[in-house]
Amino acid sequence: MKLPKFTFGIGDRFGHQGKAQLRALMKAGSHGIEVSPVWNKSNREHNLIGTEPSSLRQEADEAVAALGWKAPYFVDADHINLKTVDRFLEASDFFTIDVADSIGKQPDPAAVERLVAKHAGEPLNYPGLSKPILRGRNEISAAASKFLAAMQEAGEVYRHIATRKPAGSFAVEVSTDEASAPQTPAELYLILAMLADEGVPVATIAPKFTGQFNKGVDYEGSIADFTREFEDDLIVLKQAGPALGLPEGLKLSIHSGSDKFSIYPVINHLMKKHGTGLHLKTAGTTWLEEIAAIAGSGEEGRTLAAGIYADAIARYDEVTAPYATVLHIDRTQLPSALEIASWDGARLSRAIIHEQSCPDFNPHVRQLFHVAFKLAAEAGPKFTDLLKEHDEAVGKAVTANLWDRHLNPLFL
Ligand SMILES: [Zn+2]
């Protein structure tokens, strides 16, 4: 299935903000930019919250019907593999095949030979690329020993889905963003070659980029390095995609893409320069709007949010462990639970809300709340009743966050 040029991942952990999220995309539409929503939720998030993929499908369908959304929309089985995909087959029409765990598995030597025989050649020197892509035996063998087994596995997962869903009824993303090291543009080229050989009609690909993409906070790293790499990646996709027979419009996907304010101008500029599309995933940024709004909604909400913070401090290792590689929390910068309990609701809200110019904003507190959604799930109706009670204020914050801080700077 061909994806629209611009797609935007809107994970929604608790499933209450579908309409508020869709309103942000409608605002983009009213400014002349068509961005299609993709409701994404991973197996890990379903397990931590206790939801089923069908609930996400229901949320998406209901939001679309209620607001009369006419353009395409998708429901993403985020970060699935052969073990977890089955649960998502019915509800999803977008599958993010995650093969990062298989990077570095030793491939079959005969398969490496076939790859070399098929793809070895003169260096590729696409216009604008910062350095040519070398395609000698050594380069291809080195890439194969990192990525070939993983891409063969992506092929296996794709065929598993394709034998169970009608052809053309779903879109495929392949992700390696949770690998331990970033992939270079030259490696990206060879990964695409491997996927093409496996017959995977990849519509978006999510490499691990240089720098840190931490949850719910700004990019950390060299913006100059990111700029060079991102532009090289765009050129590789644009030139190599058609040459390798991959689907038209193949595009990059940026995971943990919310709140990366310092690189949005770079992404915006380079997409326009090369006329390329983009998929960008956000998820926890919506939950953070919920908890910040709840904290500021009155005494009951303030107590609940301060209580979640106290639990998160007490169960720090447990709540941070699943996200350890995408967090950068300096624990010395975390106020004590006692101190947070003494704050009024507005003060607590300001610590969480991602306004970098606000002196009360604390990225460490924000990241801890980001991974503490599990504790809100444990609070059950105490939390969800407050969401319903303050539906309008929460929804406004969710829409404004996605439109003002994300879609507008990325696409306008
Ligand atoms: Zn990811």
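Q: Before the metal site, what counts as a donor here?
A: Donors are N, O and S atoms within 2.8 Å of the metal, and water is not among the atoms, so a site may look incomplete. Keep in mind that this is a predicted model.

Q: OK. Which residues coordinate the zinc ion?
A: His-79 through NE2, Asp-177 through OD and His-255 through ND1. The distances run from 2.0 to 2.4 Å.

Q: How are the donor residues spaced in sequence?
A: The pattern is H-x97-D-x77-H. Asp-177 sits in the loop between strand E7 (171–175) and helix H6 (185–197). His-255 sits in the loop between strand E9 (251–254) and helix H8 (264–274). The pair therefore ties together parts that are 78 residues apart in sequence.

Q: Is Asp-177 buried or exposed?
A: Buried, because its relative accessibility is 15% and the cut-off for buried is under 20%. His-255 is buried too, with a relative accessible area of 7%.

Q: Switching to helices. At what angle do H9 and H17 pack?
A: About 135°, with the axes 9 Å apart. H9 covers residues 284–295 and H17 covers residues 391–411. The two helices are therefore oblique to each other. Their crossing is right-handed.

Q: Which residues make the contact?
A: On H9, they are Thr-285, Thr-286, Glu-289, Glu-290, Ala-293 and Ile-294. On H17, they are Val-394, Ala-397, Val-398, Asn-401, Leu-402, Arg-405 and His-406. By class, the contact of H9 with H17 has six nonpolar, four polar and three charged residues.

Q: How does H1 cross H17?
A: At roughly 40°, with the axes coming within 8 Å. H1 spans residues 18–30. That angle makes H1 oblique to H17. The crossing of H1 and H17 is right-handed.

Q: What meets what there?
A: H1 brings Ala-20, Gln-21, Arg-23, Ala-24, Leu-25, Lys-27 and Ala-28. H17 brings Gly-395, Val-398, Thr-399, Leu-402, Trp-403 and Leu-407. The contact of H1 with H17 divides into eight nonpolar, three polar and two charged residues. Val-398 and Leu-402 of H17 are also among the residues in the contact with H9.

Q: How do H4 and H6 cross?
A: At roughly 105°, and their axes come within 11 Å. H4 is residues 109–119. H4 and H6 are therefore roughly perpendicular to each other. Leu-115, Lys-118 and His-119 of H4 touch Ala-193, Met-194 and Asp-197 of H6. That gives three nonpolar, one polar and two charged residues.

Q: Now some single residues. Where is Val-365?
A: In helix H14, residues 363–371. At 0% relative accessibility, Val-365 counts as buried. Leaving aside neighbours within four places in sequence, Val-365 is in contact with Tyr-309, Leu-334, Pro-335, Ala-351 and Ile-352. The C-alpha atoms of Val-365 and Ile-352 are separated by 6.5 Å, and the two residues are 13 apart along the chain.

Q: Where does Pro-132 sit?
A: In the loop between strand E5 (121–124) and strand E6 (133–135). Pro-132 is partly exposed, with a relative accessible area of 38%. Not counting residues up to four places away, Pro-132 touches Pro-123, Leu-124 and Asn-125.

Q: Last one. What does His-160 touch?
A: Leu-82, Val-85 and Asp-86, not counting residues up to four places away in sequence. His-160 lies in helix H5, residues 137–162. At 16% relative accessibility, His-160 counts as buried.

Technical notes: Residues numbered from 1 in each chain as written. Predicted model: local features only at pLDDT ≥ 70, side-chain atom pairs only at ≥ 80, totals over all residues. Heavy atoms only, no water. Donors = N, O, S within 2.8 Å, 3.2 Å for Na, K, Ca; no water. Helix = DSSP H or I, 4+ residues; strand = E, 2+ residues; numbered from the N terminus. Buried < 20%, exposed > 50% of the residue type's maximum accessible area, 1.4 Å probe, protein only. Axes fitted to C-alpha atoms, helices over the stretch in contact; angles between N-to-C directions. Parallel < 35°, antiparallel > 145°, perpendicular 65-115°, else oblique. Left-handed = near helix turned anticlockwise from the far one by under 90°. Contact = heavy atoms within 4.5 Å. Nonpolar A, V, L, I, M, F, W, Y, C, P; charged D, E, K, R; others polar.
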